[in-house]
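Please look over the sequence and the model together before reading on. The paragraphs below begin with single residues and then widen to the whole chain.

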Amino acid sequence: MSDYQAKIDRLIKRWEGKGMTGEEVVSQRKKKESRDSARVTSTHENPNATSETVRETLVTPVVDRCDVLVVGGGPAGISAALAAARTATKDSPIDVLILERFGCFGGVITTVGMETLGWYRYEGCTVDSEGIGKELERVSARMGGGDRKWAFNDSECLDTENFKFIADTLLKEAGCRTLLHTTFVDAIMDPEDPNKITGVAVENKSGRGIIKASRVIDCSGDADVAARAGCEFTKLNREDAMGLTTVFNLVGVDKSNFLKHINKKPATYRDWSLTWQQDTTGKEDELPSPYMQQEFDELNKKTKAEEKEPLSYGGSWSAITEKGEATNLNLVHMKGFDPLNAKDLTEAEIMGRKGVMEAVKALKENVPGFEASRLRNIAMTLGIRDSRKIIGKYNLTGRDVASQAKFPDTIGVFPEFIDGYNILILPTSGRFFEVPLGCLKPKSGENLLVAGRCCAGDMVSHAAMRNMMACTVTGQGAGVAAAVSFRNKQPTSEVDVKDVQDELVRQGVNIHGFRGVGREWAGTVASAVKAKM
């Protein structure tokens, strides 16, 4: 066993509550029991419900029909819709409809302003699934929406505004039908088979309507469709869940002065531990990171002393354009909110915007290059990392992610990248794991697939699968699986895995990866990156 694998195994044992001190084991078990007992449910409940009720009588018109319906237009939803539409042939057409609650497609890219599908890439080190995720980056660059790199590594930065047009164009060219400004409100189940979904109820400016569908893919991010369909899911207590973020952009930054400030003492991933105690493999610690924390020390002290709001400041700055645009400032964070509670979301949105104003002031006062900067944009919605996850036919684990797991029903690969719950592992060793189709299939629920961050898995696997590039992997896999099951007249639970895999390969997906690539880089990436600075 290699030294690196031995280190990974020690981390896995610690995550699983083994190899720890007695006090740590008790703490870990209490957290796990709290999570498991508090979060497993099979019903959707309104957290703001009172004892008063009103009986409604609804007779709702059918407003549309399709073969494959995708609910949610983020990276997972776009990938699912494109993949399903591209599975169609002249002899086997497939009508794909994708709906989205906002006025644009793109999800976290366009509504939150996160400009990297995968910020974890180091040149020559990372094995990706290729497929639609990489296509989105290539098309963005070709259409003028992606000509910058994330600071200190080889990750592509997208133009989040331009991406709105790019998403429209790709979906239209693929033959997908689109419906914006439309909110999913309920799942329609077969009266003769309560586990079989037959469509969804939606609300929009036109009113309430039913969209009938042979296959439904839940790309809502929160497993909204699966929850309303009665599927079991998990959800962390608000105290244990990852925080919410309000992203913002500034203009008028003096890039030259800012980079001089940064290069005097470049931040590394070790510095992330100044805010929280994190697990790493060690190879991440000395890598340069676009991270700011000390610049917000006084603001954090003031916020903590007042004990009024669960706000914290500090995080990544992504990239600065030559024109002085700081396009992705991920610096304002809030803990203790339930992203499935509208009242909590309202409070967090307002608090986050207030926090942005404080952060802008701190940047102007404490960071060279930001003195004359001004606010350009606050994200139109919160960045949410953690809500429902389905209980699937297979539930991905942290051990799978960190042990190069292989599956007979693989739909793609994702690098050994874990970011969340105080764990940070960057994929600089060439290692990766296969993503199984089983984690997209609800434990119960027919003709329904789930893609994106709400696919099935434990906490540590979620810290990998929540990332946008991973969402494109599950999205494309779900889109192909839904289309193949429709074409073959098979329920989604029994879809022919080989047919799915053959179609994914035809679409350019790397379903098995190729082991060994980038291994020679392990332990040398830090010096290679510093040499480029």
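At a relative accessibility of 35%, E130 counts as partly exposed, where buried means under 20% relative accessible area, exposed means over 50%, and partly exposed lies in between, as judged with a 1.4 Å probe and protein chains only. E130 sits in the loop that runs between helix 4 (108-112) and helix 5 (131-142); helices here are DSSP runs of H or I with at least four residues, strands are runs of E with at least two, and both are numbered from the N terminus. The phi of E130 is near 65°, a positive value in a residue other than glycine. Most residues other than glycine have a negative phi. This is a predicted model, in which local features need a pLDDT of at least 70 and side-chain atom pairs count only at pLDDT 80 or more, while totals for chains, interfaces and linings use all residues. Residues are numbered from 1 along each chain as its sequence is written, and side-chain values use heavy atoms, with hydrogens and water left out.

S318, which is not a glycine, also has a positive phi, of about 65°. S318 lies in the loop between strand 12 (311-316) and strand 13 (326-334), and with a relative accessible area of 0% S318 is buried.

Helix 3 (residues 75-87) has 13 residues and reaches 18 Å from its first C-alpha to its last, close to the 18 Å expected at 1.5 Å a residue, the expected span being 1.5 Å times one less than the number of residues. Helix 3 is mostly covered, with twelve of its 13 residues buried; among them are P75, G77, I78, L82 and T87.

Across the protein, the secondary structure comes to 15 helices and 20 strands, and 57% of the 533 residues count as buried. Among contacts (heavy atoms within 4.5 Å) with a separation of 6 or more, residues 24 or more positions apart account for 75%. The protein exposes about 22,800 Å², of which carbon and sulfur atoms supply 49%, by the Shrake-Rupley method with a 1.4 Å probe.

The protein averages a pLDDT of 89, and 89% of the residues score at least 70. Over residues 18-42, however, the pLDDT is below 50, and this stretch has 35 contacts in the model beyond near neighbours in sequence. Over residues 515-533 the pLDDT likewise stays under 50, and the model has 40 contacts for them beyond four places in sequence.

Conventions. pLDDT is the predictor's confidence in each residue, from 0 to 100.
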